[in-house]
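Here is a short report on one protein. Look over the sequence and the 3D view before reading on.

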Amino acid sequence: MTRIGIAGAGAFGTALAVTLASAGRPVTLWARDPVFADRMMQSRETPRLPGIVLPDPVTVTAELDPLAGCETVLLSVPMQALAGFLKGAAMVLDARALIACCKGVDMATGRGPSAIIAETCPRATAAILTGPSFAADIARGLPTALTLACRDPRRGAELQERLSTPTLRLYRSTDITGAELGGALKNIMAIAAGIVIGAGLGDSARAALMTRGFAEMQRFACAHGAEPETLAGLSGFGDLVLTCTSAQSRNFRYGAALGKGAWFDPDVTVEGAATARAVAAIAQARGIEMPVTQSVAQVIDGQRSIAEAVKTLLSRPLKEE
Ligand SMILES: NC(=O)C1=CN([C@@H]2O[C@H](COP(=O)(O)OP(=O)(O)OC[C@H]3O[C@@H](n4cnc5c(N)ncnc54)[C@H](O)[C@@H]3O)[C@@H](O)[C@H]2O)C=CC1
Ligand SMILES: O=C(CO)COP(=O)(O)O
């Protein structure tokens, strides 16, 4: 059985390791901190996923070399760390199938994961695994369906086969741009939905925001060459619904804290914050209308209060839907 590599032993990388190993695939899970990796290897546990036990086929290591023995490597480091990680690991990872599981847009370059893979590991096959999937659910063996996007349909079909498990049902797509932008943009909308709920604006306002946010996601993604059908699928609409409606989402919880004026732990991974800034800048430069994204970026950066942002959104010129 081909060994699968996973780079990034946070909540999601570990959850994927658990589900793949439970389905009988041997997994090498790379963590950047040797002490953490050693402790996880011995204890078979991680504080990121309380109550979950690592199955035997998972090997945890802080050495990059073992990943060279894996033809397929899932990348589950946070988006803003992806370029730096791949630059350092390119010698080991180039020419492999690299499947990005991170959701976002790189602030420094405005690029998504597939462009970063292409730049740092030019001989690799880039793919995206994305869709509605909380790490805790995946690790507990609860079922979900995800999108596996790869430009090469033959390689995509191979990866779909290799990474599907009895509880993870993967649908294939060749629209890598649509898949990665759906996952990136829905996090911005989840922050906005959290703000709406945290500020006490109500469920009707959240539904309206999700709908207009989805229109915004489609506008941005299609301007970048995505297919509208991809945005309407698991990687876009599916994940938008999940993260805008569940307090399991860190993006939603962060937004809710902003809405309430409450403190939020800065060590928690909230991908939508950096992505809102990156997307707002691109949208402005390219003249793409993104009022929700602009408002989220301004609220996060303290340039606008929530009351002002809501007033601005509601006082935009009346138009057709
Ligand atoms: N947690 C979830 O439910 C899901 C997460 N994702 C995505 O997976 C990605 C990772 O998220 P999580 O695992 O949840 O985050 P996490 O915060 O639980 O873990 C992030 C991991 O990356 C490591 N890391 C941080 N900076 C690094 C660097 N510079 N180099 C190497 N490793 C570094 C950390 O040590 C940590 O182990 C994010 O893009 C997220 O959107 C996708 C689907 C579900
Ligand atoms: O992307 C996710 C679920 O599909 C996880 O969302 P959060 O990063 O907001 O927790």
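Predicted model: local features only at pLDDT ≥ 70, side-chain atom pairs only at ≥ 80, totals over all residues.

Glutamate 289 forms a salt bridge with lysine 319, 4.0 Å from N to O. This pair links distant parts of the chain, 30 residues apart. Glutamate 289 sits in the loop between helix H12 (271-286) and helix H13 (291-300). Lysine 319 lies in the segment after helix H14 (306-314).

## Helix H13

Is H13 mostly covered or mostly open? It is mostly covered, with 8 of its 10 residues buried. The buried residues are Pro291, Val292, Thr293, Ser295, Val296, Ala297, Val299 and Ile300.

What covers them? The cover includes helix H7 (176-198), helix H8 (203-223) and helix H11 (250-260). H12 and H14 are also part of it. H13 is followed by glycine 302. The phi of glycine 302 is positive, near 70°.

## Two domains

Now step back to the whole protein. It is divided into domain 1 (4-174) and domain 2 (184-314). Their C-alpha centres lie 25 Å apart. Domain 1 puts 21 residues into the contact, and domain 2 puts in 20. Together the two domains bury about 1600 Å² between them. Of that area, 65% is on carbon and sulfur atoms.

## Across the interface

How many salt bridges does the rule find across the interface of domain 1 and domain 2? It finds 1. Lysine 103 pairs with aspartate 239, and their closest N and O atoms are 2.6 Å apart. Lysine 103 is in the loop between E5 and H4, while aspartate 239 is in helix H10 (residues 234-245).

On the side of domain 1 that touches domain 2, helix H3 (79-93), helix H5 (135-139) and strand E7 (144-150) each supply at least two residues. E7 gives the most, with 3 residues. The residues of this side divide into 11 nonpolar, 7 polar and 3 charged.

## Salt bridges in the whole structure

A search of the whole structure finds 12 salt bridges. One of them joins aspartate 94 and arginine 123, at 3.7 Å from N to O. This pair also links distant parts of the chain, 29 residues apart. Aspartate 94 is in the loop between H3 and strand E5 (97-100). Arginine 123 is in the loop between helix H4 (113-120) and strand E6 (125-130).

Are these two partners buried or exposed? Aspartate 94 is buried, because its relative accessible area of 14% is under 20%. Arginine 123 counts as exposed, because its 61% relative accessibility is over 50%.

Some salt bridges share partners. They join Glu71, Arg154, Arg155, Glu158 and Arg162 into one network.

Note on methods
Residues numbered from 1 in each chain as written. Chains lettered and ligands numbered in written order. Heavy atoms only, no water. Domains from an automatic or database assignment. Contact = heavy atoms within 4.5 Å. Buried area = accessible area lost by both parts, 1.4 Å probe. Salt bridge = Lys/Arg side-chain N within 4 Å of Asp/Glu carboxyl O. Helix = DSSP H or I, 4+ residues; strand = E, 2+ residues; numbered from the N terminus. Nonpolar A, V, L, I, M, F, W, Y, C, P; charged D, E, K, R; others polar. Buried < 20%, exposed > 50% of the residue type's maximum accessible area, 1.4 Å probe, protein only.
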